[in-house]
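Work through the exercises below with the structure open beside you. Try each task before you read its solution.

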Amino acid sequence: MNKLFFRILVLLMSLSLIGIILVQVFWFNSSFKNNEEQFKYHVTQVIGNVADKLEQQEEYSFYDKYNRIKDSTGKIPKKEDLLEVLFVQRNTKTNKTIVYSNTLTSEDYDINGSVFNKKFSSERFKNFSSKRVTEVYDNNNGIDNNSLGQSIIPDLKIEKSGSLDILNKVQQQIQYKDIASLTPIEGRVTRDKIFKLLKKELEEYGVKTKFEYGIYSSGVPTKIKSDGFHYDKEATYNIPIFTDNEGNSRYQLSVTFPNKKKFLLSELLSITILSIVFTLIIIVAYTSALNQLLRQKHISEIKTDFINNMTHEFKTPIATINLALDAIRNPRIIEDKEKVYRYLQMIRDENKRMHAQVENVLRISKLEKRELDITKEPTVVTDVIDDAIEHVNLILEDRKGTVVKHYNAARTTSLINEVHFTNVLVNILENAIKYSPDTPEIEIFTENVKDMILIKVKDHGLGMSKIAQKRVFEKFYREHTGDLHNVKGHGLGLAYVKRIVEDHNGQVYVESEKGKGSTFIIKIPLIN
């Protein structure tokens, strides 16, 4: 049930984290697309305004030139009546007749299109004006349709005259566009003018990024372009410019933004950084929480394993002691002093065994709390190795095992604590014996490497996996060998070994291969 709950919890946490990351990615993509649409809208407005201003400036320049030419001629224009409109209205209730006349006149200043473009000379420029007269007659004076046009004095006469600006503008605009269409693009606009207009408009719309521009004529690039202009389908925006009288245009203004993506991302930079920071915080918190959960699960498993192992370690000597006590109580046995002494020795040995287990646990606890007193003295390392072999000699003889010594180190004196370092070697030797399923064959090597002495304890036992080699010095860790209790121990010995060796400013590690045995290597400094 606990395992199932743990897996569900990890799954929910993982799904939540993935969901948060996906939401962040979706938000970023949506914001980027919104910025891109806004950028496109602003740029479209900009190039539209630039196209309008280019045409307005060209048109204004044309009108200005025309008016200066017209003023400089000093000629009185030739007038020609083009159209006269007459309108008569009689009101029967008021007995009044209204006569309205409008005369349209053209003024020719003798200016033709060749002044602006030699290719264009067929049309002459004219100004149009109108004279409007309104006369009111009282019918009592005897006016009728037959008397119109005769010398009858009207009761009221209103005269108005002036230039027809709208008609003049339309006529001039038509002629201007016809003339301008014959002018090459290089004569109509300059690179500097386009650059200034684009820069000003882009800054007004907040588009502050590098841009390049170019003008195409019927799809062919012209000389009017910036030095770094290259057409890019994703970052180029187009608009027709200089339309003719039919609304068509052969010229197209293209504006491209080489750093478009960078600019769009820069607008999201601050909020994106915050989003990434918060997401990383969540990931770190998630990783930490998951690590804590895994550690708690691992500690729980270790605790259970440790309790099982310790129970087994105490169960056997307790059972042996009980059997020995029961045997001593037997009247036939109690009279046999030799058997009583043997059973008492058995009880003493099993008691010492339990005491050693308790001491081992207490020793590790004190070592972690820095309460273990470790005083070091100059000692010959090979003497400590020999002492450790003596400690395991009985076990070795019982298993009919052998220890072969290869003392190749010329210098062997180190600053060590003899008691604890002996325990270190005893632990390693006991492991070599325990994990040798057949007759234990152990080799011990010493050698000098610079100012260090290396002690190698090699066995030909079960060996261990790569994972076990990384974790073998962890407290309570034991590699399972099929049956949990087929090899006695509680996973404290090698943890103690590592702490003692490190307190001697040394290193300990293992080289092993499954099924081919293990070699424990201890490296400690020599006395200079």
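## Exercise 1: A histidine side chain and its surroundings

Solution. The model is a predicted one.

Step 1. Now locate the residue. H504 belongs to the loop between helix 12 (493-503) and strand 14 (507-512).

Step 2. Decide whether H504 is buried or exposed. Its relative accessible area is 3%, so H504 is buried, since buried means under 20%.

Step 3. List the contacts, leaving aside neighbours within four places in sequence. H504 is then in contact with I374, K376, L415, I416, N417, F421, I524 and P525.

## Exercise 2: Positive phi angles

Solution. 

Step 1. K450 has a phi near 55 degrees, which is a positive value in a residue other than glycine. It is found in the loop between strand 12 (441-449) and strand 13 (452-458). With 77% relative accessibility, K450 counts as exposed.

Step 2. N505 has a phi near 60 degrees, again a positive value in a residue other than glycine. This residue is in the loop between helix 12 and strand 14, where H504 also lies. N505 has a relative accessible area of 62% and is therefore exposed, whereas H504 is buried.

## Exercise 3: Aromatic pairs

Task: How many aromatic pairs does a search of the whole structure find? Classify the pair F195 and F211, then the pair Y237 and F257.

Solution. 

Step 1. The search finds seven aromatic pairs.

Step 2. For F195 and F211, the ring centres are 5.5 Å apart and the planes stand at 25 degrees, so this pair is stacked. The cut-off used here is that planes under 30 degrees apart count as stacked.

Step 3. Locate the two residues. F195 is in helix 3 (residues 191-204), while F211 is in the loop between helix 3 and strand 5 (212-217), so the pair ties together parts that are 16 residues apart in sequence. F195 counts as partly exposed, at 36% relative accessibility. F211, with a relative accessible area of 11%, is buried.

Step 4. Turn to Y237 and F257. Their rings lie 6.1 Å centre to centre with 65 degrees between the planes, and the pair is edge-to-face. Here the cut-off is over 60 degrees.

Step 5. Locate these two as well. Y237 is in strand 7 (residues 236-241), and F257 is in the loop between strand 8 (251-256) and helix 4 (260-267). They are 20 residues apart, and the pair links distant parts of the chain. Both are buried: Y237 has a relative accessible area of 10%, and F257 has one of 1%.

Step 6. Look for further links. F39, Y237, F257 and F263 are joined by ring pairs into a cluster.

## Exercise 4: Charges over rings

Task: Which ring face does R342 lie over, and which does K498 lie over?

Solution. 

Step 1. R342 is placed over the face of Y343, at 5.4 Å from the ring centre.

Step 2. K498 is placed over the face of F473, at 5.9 Å from the ring centre.

## Exercise 5: The two sides of a helix

Task: Which residues of helix 8 are buried, and which exposed residues are on the face turned away from its buried side?

Solution. 

Step 1. Helix 8 spans residues 381-391, and its residues V381, T382, V384, I385, A388 and I389 are buried.

Step 2. These residues cover an arc of only 155 degrees around the axis, which puts them on the same side of helix 8.

Step 3. The face turned away from that buried side carries the exposed residues E390 and H391.

## Exercise 6: The whole chain

Task: Describe the chain by its secondary structure, burial and contacts.

Solution. 

Step 1. The chain has 12 helices and 15 strands.

Step 2. It has 528 residues, of which 38% count as buried.

Step 3. Among contacts with a separation of 6 or more, 70% are between residues 24 or more positions apart.

Conventions. Residues are numbered from 1 along each chain as its sequence is written. This is a predicted model: local features need pLDDT of at least 70, side-chain atom pairs count only at pLDDT 80 or more; totals for chains, interfaces and linings use all residues. Side-chain values use heavy atoms; hydrogens and water are left out. Rings of Phe, Tyr and Trp (its six-membered ring) pair if their centres lie within 6.5 Å; planes under 30 degrees apart count as stacked, over 60 as edge-to-face and the rest as tilted. Helices (H or I, at least four residues) and strands (E, at least two) are DSSP runs, numbered from the N terminus. Buried means under 20% relative accessible area, exposed over 50%, partly exposed in between (1.4 Å probe, protein chains only). A charge sits over a ring if NZ of Lys or CZ of Arg is within 6 Å of the ring centre and within 35 degrees of the ring normal. Contact means heavy atoms within 4.5 Å. The arc is that of the directions from the helix axis to the C-beta atoms.
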